[in-house]
Amino acid sequence: MDNYHHILIALDFSEHGNHVIRKATHLARIFRAKLSIIHVLDNIPMPDTAYGTVIPLNERSTYELLETEKSKLKQIGDQLEVDAECRWMVWGVPGKEIVRLAEQEHMDLIVIGSHGRHGLALLLGSTASDVLHHAKCDVMAIRLQDEAAEDEPLTEKAALGSSA
């Protein structure tokens with residue numbers, strides 16, 4: 001395994017997200033890598049916005065759902081101490097936008113959650129599968145368990161207190 005210098009965490013704000021974040025932050029500490037985070041909006045309507053549009057995080061909108069998503073991204077970014085310019089929110093197809101950003105920003109690892117679906121769901125595709133098959137960098141798909149706890153700390157540092 002090569003040293004990683006820039007790791008992208010693909011966030012979906014699911015109840016399993018902390019598990020993915022903990023794994024990615026652990027790798028970032030091991031490799032002393034820079035962290036970036038991305039959340040792709042695909043499940044809320046965005047009037048007059050084309051796919052692939054980067055959502056400005058520093059501008060307020062009157063769209064309450066968008067502001068809620070931005071707030072979640074900000075909270076996670078702050079907890080992980082990710083620089084503001086390394087936080088991305090994009091409107092589009094998740095797999096495509098994650099791969100596009102990783103290429104654009106020269107990231108060398110994408111960390112994403114995967115439910116490990118089988119059968120018909122696998123044939124229809126998933127975000128993790130799309131990223132795995134199209135990314136030019138390494139991809140780590142973290143298997144998500146149904147029993148993952150929502151209240152686990154995001155990072156080992158949070159779990160150990162501020163002494164780490």
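Predicted model: local features only at pLDDT ≥ 70, side-chain atom pairs only at ≥ 80, totals over all residues.

Student: Where do Glu 69 and Lys 72 lie?

Tutor: Both belong to helix 2, which covers residues 64-80, and they are 3 residues apart, about one turn of the helix.

Student: Is Glu 69 buried or exposed?

Tutor: Residues under 20% relative accessible area are called buried, and those over 50% exposed, with partly exposed in between. Glu 69 counts as buried because its relative accessibility is 12%.

Student: Which residue meets Lys 74 in a salt bridge?

Tutor: The partner is Asp 78, and the N to O distance is 2.6 Å.

Student: What can be said of Glu 97 and its salt bridge?

Tutor: Glu 97 pairs with Arg 100, and their closest N and O atoms are 2.8 Å apart. Both residues lie in helix 3 (residues 94-104), 3 residues apart, again about one turn of the helix. Glu 97 is buried because its relative accessible area is 4%, whereas Arg 100 is partly exposed at 29%. Turning to shared partners, salt bridges join Lys 74, Asp 78 and Arg 87 into one network.

Student: How many disulfides are there?

Tutor: A disulfide requires a pair of cysteine sulfur atoms within 2.5 Å. By that rule the count is 0. As for individual cysteines, Cys 86 is buried, with a relative accessible area of 4%, and Cys 137 is buried as well, at 18%.

Student: How does one find empty space in a model?

Tutor: A probe the size of a water molecule is rolled over the atoms, and this shows where empty space is left. Here, the largest pocket holds about 500 Å³ of space. Its lining comprises 26 residues, and Leu 11, Asp 12, Phe 13, Pro 94 and Thr 127 lie nearest its centre.

Student: Which elements supply the lining, and of what classes are its residues?

Tutor: Several elements each give at least two lining residues, among them strand 1 (6-11), helix 1 (17-31), strand 2 (34-41) and helix 5 (127-134). By class, the lining has 11 nonpolar, 10 polar and 5 charged residues.

Student: Which residues touch the most other members of the largest nonpolar core?

Tutor: A nonpolar core is made of buried nonpolar residues whose side-chain atoms come within 4.5 Å. The largest one here has 29 residues, and Ile 7, Ile 9, Leu 11 and Ile 37 touch the most other members. Elements that each supply at least two of its residues include strand 1, helix 2, strand 4 (87-91) and strand 5. The largest share, 6 residues, comes from helix 1.

Conventions:
Residues numbered from 1 in each chain as written. Heavy atoms only, no water. Helix = DSSP H or I, 4+ residues; strand = E, 2+ residues; numbered from the N terminus. Buried < 20%, exposed > 50% of the residue type's maximum accessible area, 1.4 Å probe, protein only. Salt bridge = Lys/Arg side-chain N within 4 Å of Asp/Glu carboxyl O. 1 Å grid on protein atoms, 1.4 Å probe; cavity = no way out; pocket = protein on both sides within 12 Å on 5 of 7 lines; lining within 4 Å. Points joined across faces, edges and corners; volume = space filled by probe spheres on them. Nonpolar A, V, L, I, M, F, W, Y, C, P; charged D, E, K, R; others polar.
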